[in-house]
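Okay, thanks everyone, I'll keep this short. Have a look at the model while I talk you through a pocket and some aromatic rings.

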Amino acid sequence: MNTTLQENDSSLDNCLECELQDCPVGLSQTSQVIFTSICLISGIFAIGGNFALLIAFYRTSALSTRVNAYFIASLAFADFMIGLTMTPLYICYAVAYDTLWLIKLEGYLWIVTVTATTYSLSAVSFDRFVAVVYPLRYHGVMTEKRCRAVIVFIWFGSVIFGSPRLVLDDFVKLEKLWITCSVATVAIPLTIMSCCYGKIFSVVRKQSRAVTDSHLSRTSVGNKKAAVTIGIIVSLFIATFLPSVVVYFMLLFENDLCKELILNDVWLWVALVSFTHSAFNPWVYGLRYRELRHALKQIFLKGNA
């Protein structure tokens with residue numbers, strides 16, 4: 001997501017002058033080792049955890065026939081792709097700081113994977129919102145056909161939305177692109193998730209106060225669990241993406257080239273933080289949903305047999 005001074009030819013001489021003034025550019029060898037280690041650990045957990053979830057969905061009929069499982073599977077695949085593509089890319093990016101093609105590829109994949117992830121998260125939140133707030137209308141609204149259409153739209157839209165990053169070189173146009181991306185990939189999904197969670201939490205509180213029979217009690221408990229799960233996911237989303245948003249807007253309004261180069265280095269770390277949610281998500285779902293816990297247990301037990 002770097003606005004990248006490296007792409008602006010007119011500023012290259014200034015950057016070189018900045019380096020002559022002992023302005024720190026790029027990561028030190030120690031920082032590269034630490035960054036690479038954290039990146040590898042996060043990537044392994046993201047790839048392994050999400051791949052296990054995808055296998056669980058494929059092998060377990062009770063999961064593959066549930067409508068909401070489509071959205072969770074889409075999220076798992078997006079998180080899997082983040083671990084598979086962004087982990088090695090950011091390791092290369094930390095070492096080969098000024099490679100133009102790497103900068104473009106990083107920006108493109110950042111947009112595609114983050115867009116797919118955040119809107120898959122939004123779809124999961126909306127699915128639980130309909131299930132809790134409008135339970136009698138759930139099966140009429142969240143049909144299998146509609147869910148598949150939403151997933152296709154999310155992925156197709158993510159690929160198209162990221163494509164301008166591969167061809168744009170103009171600094172001003174890039175800034176406009178990243179502002180649009182910040183709104184579209186972070187602000188809008190966060191608003192959707194927050195609204196869904198707020199309404200779910202409100203309904204669950206009312207249900208908890210109005211429990212009158214065992215059936216309603218079980219329903220209330222299930223809805224409360226859904227509310228807590230979405231609450232955890234939204235909290236993780238805010239905690240991991242907020243630093244990257246802050247640093248990005250600092251880059252937008254910073255005119256000093258040396259400080260901008262330093263912020264570019266900081267961006268590597270906060271971008272790494274933003275992608276760690278891909279390592280957390282599968283374990284949140286795996287621990288919160290009984291069917292997933294059972295399916296994952298079966299997979300690992302058979303693998304060790």
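So, the second largest pocket: 18 residues line it, and the ones nearest its centre are Tyr-119, Ala-123, Val-150, Phe-153 and Ile-154. Keep in mind that this is a predicted model. The volume of that pocket comes out at about 320 Å³.

Which helix gives the largest share of the lining? That's α7, with eight residues. Helices supplying at least two lining residues each are α5, residues 100-133, α7, residues 144-162, and α8, residues 171-209.

Okay, on to the rings. There are 10 aromatic pairs in the structure. One of them is Trp-110 with Trp-267: the ring centres sit 6.3 Å apart and the planes are at 50°, so we call that pair tilted. Why does this pair tie together parts that are 157 residues apart in sequence? Because Trp-110 belongs to helix α5, while Trp-267 is in helix α10, residues 257-275.

And are those two tryptophans buried or exposed? Both Trp-110 and Trp-267 are buried.

Notes: Residues are numbered from 1 along each chain as its sequence is written. This is a predicted model: local features need pLDDT of at least 70, side-chain atom pairs count only at pLDDT 80 or more; totals for chains, interfaces and linings use all residues. Side-chain values use heavy atoms; hydrogens and water are left out. On a 1 Å grid over the protein atoms alone, a cavity is a set of points where a 1.4 Å probe fits but cannot get out, and a pocket is an open set with protein on both sides within 12 Å along at least five of seven lines; lining residues have an atom within 4 Å of a point. Grid points are joined across faces, edges and corners, and a volume is the space filled by probe spheres set on the points. Helices (H or I, at least four residues) and strands (E, at least two) are DSSP runs, numbered from the N terminus. Rings of Phe, Tyr and Trp (its six-membered ring) pair if their centres lie within 6.5 Å; planes under 30 degrees apart count as stacked, over 60 as edge-to-face and the rest as tilted. Buried means under 20% relative accessible area, exposed over 50%, partly exposed in between (1.4 Å probe, protein chains only).
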